[in-house]
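This briefing goes through one protein chain topic by topic. Look at the sequence and the 3D structure first, then read the points below.

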Amino acid sequence: QPDGWANIDRIKPLGHPMSVMRAGDYIDDLLKEIIEGNAEFRFSERDQIEIELNIRRWKEDMFNFQETVPTLSGGRVLQRIMLHRFEGTQKFMSMQQELIDALFSVFESARKEIEFFATASQFPHGEIELIPSGGGAKLPIFGEINRLRWESLPSRRNLRIAVKNPVPEIASNYAENFPQLAVALGGAIEDIPRVIASRN
């Protein structure tokens with residue numbers, strides 16, 4: 001924040017940004033695999049199209065209500081899928097570990113800067129805050145991450161990973177393009193970063 005200026009208009013990323021190709025489409029595909037594996041009949045081409053059209057709604061039901069009951073046209077009810085069983089599948093657990101490994105590699109890329117804040121003479125930081133954003137911000141994986149710790153070296157301080165409330169999809173204090181900014185920056189406090197006009 002330049003001296004005498006009221007707002008911060010520059011943000012320096014401390015670590016290397018990463019992309020992990022395990023987004024909503026990947027979870028959709030996992031859910032489709034389970035639906036097809038549980039089915040007692042062979043799906044027609046029309047059934048496949050219907051599953052494609054409804055898979056996201058069924059996924060949301062599963063995460064919101066701990067279960068989903070896929071139903072096809074004609075009142076054909078498919079096997080109930082429980083969230084805890086879905087989370088216990090090998091592919092979901094592997095995805096979860098892949099995301100955690102990627103997160104920790106970002107911490108590693110910013111180790112020097114994190115160590116600086118963790119060993120500050122006044123008000124040393126004891127945690128790393130995460131503010132999830134985007135469609136997967138409420139996934140149960142953040143409950144797992146919230147229980148983790150990361151060791152800062154060379155001080156060997158154990159920093160708690162503190163997951164904060166997800167960025168809401170609709171909020172009056174967020175600029176229209178905040179979700180994109182938040183994803184790019186890795187999350188931000190509710191009131192910043194604001195979109196500030198450039199200065200000459």
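Among contacts in the chain between residues at least 6 apart in sequence, 58% join residues at least 24 apart; contact means heavy atoms within 4.5 Å. This is a predicted model, in which local features need pLDDT of at least 70 and side-chain atom pairs count only at pLDDT 80 or more, while totals for chains, interfaces and linings use all residues. Residues are numbered from 1 along each chain as its sequence is written, and side-chain values use heavy atoms, with hydrogens and water left out.

**Overall make-up**

- The chain has seven helices and seven strands; helices (H or I, at least four residues) and strands (E, at least two) are DSSP runs, numbered from the N terminus.
- Starting at the N terminus, the order of elements is α-α-β-β-β-β-α-α-α-β-α-β-β-α.
- Of the 200 residues, 28% count as buried; buried means under 20% relative accessible area, exposed over 50%, and partly exposed in between (1.4 Å probe, protein chains only).
- The accessible surface of the chain is about 13700 Å², and 51% of this belongs to carbon and sulfur atoms. Accessible areas come from the Shrake-Rupley method with a 1.4 Å probe, and for residues only the protein chains shown count as cover.

**Nonpolar cores**

- In soluble globular proteins, nonpolar side chains tend to be buried together.
- A nonpolar core is a set of buried Ala, Val, Leu, Ile, Met, Phe, Trp, Tyr and Cys residues joined through side-chain atoms within 4.5 Å.
- The largest nonpolar core has 17 residues, of which Leu 31, Ile 35, Ile 51, Trp 58, Met 62, Phe 63 and Phe 86 touch the most other members.
- Helices α1 (24-38), α2 (45-65), α3 (83-87) and α4 each supply at least two residues of this core, and α2 gives the most, with five residues.
- Apart from this core lies another, of 14 residues, including Ile 100, Leu 103, Phe 104 and Leu 159.
- Ile 51 is in contact with Lys 32, Ile 35, Phe 43, Trp 58 and Leu 72, leaving aside its neighbours within four places in sequence.

- β6 and β7 (residues 157-163) run antiparallel and are joined by four bridges; two strands pair if DSSP finds at least two bridges between them.
- β6 and β7 form a hairpin with four residues between them, and Arg 156 in the turn has a positive phi of about 65°.
- Strand β5 (residues 127-130) has Ile 128 and Leu 130 on a covered face, and Glu 127 and Glu 129 on an uncovered one.
- β5 is joined to β7 by four bridges, and these strands run parallel.
- Opposite Asn 158 in β7 stands Glu 151, and opposite Ala 162 in β7 stands Glu 129.

**Salt bridges**

- Side chains of opposite charge can pair when their charged atoms come close.
- The structure holds 14 salt bridges; a salt bridge is a side-chain nitrogen of Lys or Arg within 4 Å of a carboxyl oxygen of Asp or Glu.
- Arg 56 forms a salt bridge with Asp 28, with the closest N and O atoms 3.2 Å apart. Arg 56 lies in helix α2 and Asp 28 in helix α1, so the pair ties together parts that are 28 residues apart in sequence.
- Asp 28 counts as buried because its relative accessible area is 5%, while Arg 56, at 47%, is partly exposed.
- Glu 52 and Lys 32 meet in a salt bridge (2.6 Å, N to O). Glu 52 is in helix α2 and Lys 32 in helix α1, so this pair ties together parts that are 20 residues apart in sequence.
- Arg 160 forms a salt bridge with Glu 127, with the closest N and O atoms 3.0 Å apart. Arg 160 lies in strand β7 and Glu 127 in strand β5, so the pair ties together parts that are 33 residues apart in sequence.

**Single residues**

- Gln 96 lies in helix α4 (residues 90-109) and counts as buried because its relative accessibility is 16%.
- Thr 71 lies in strand β2 (residues 71-72) and is partly exposed, with a relative accessible area of 33%.
- Thr 71 and Trp 58 are 13 residues apart in sequence and 9.2 Å apart in space, C-alpha to C-alpha.
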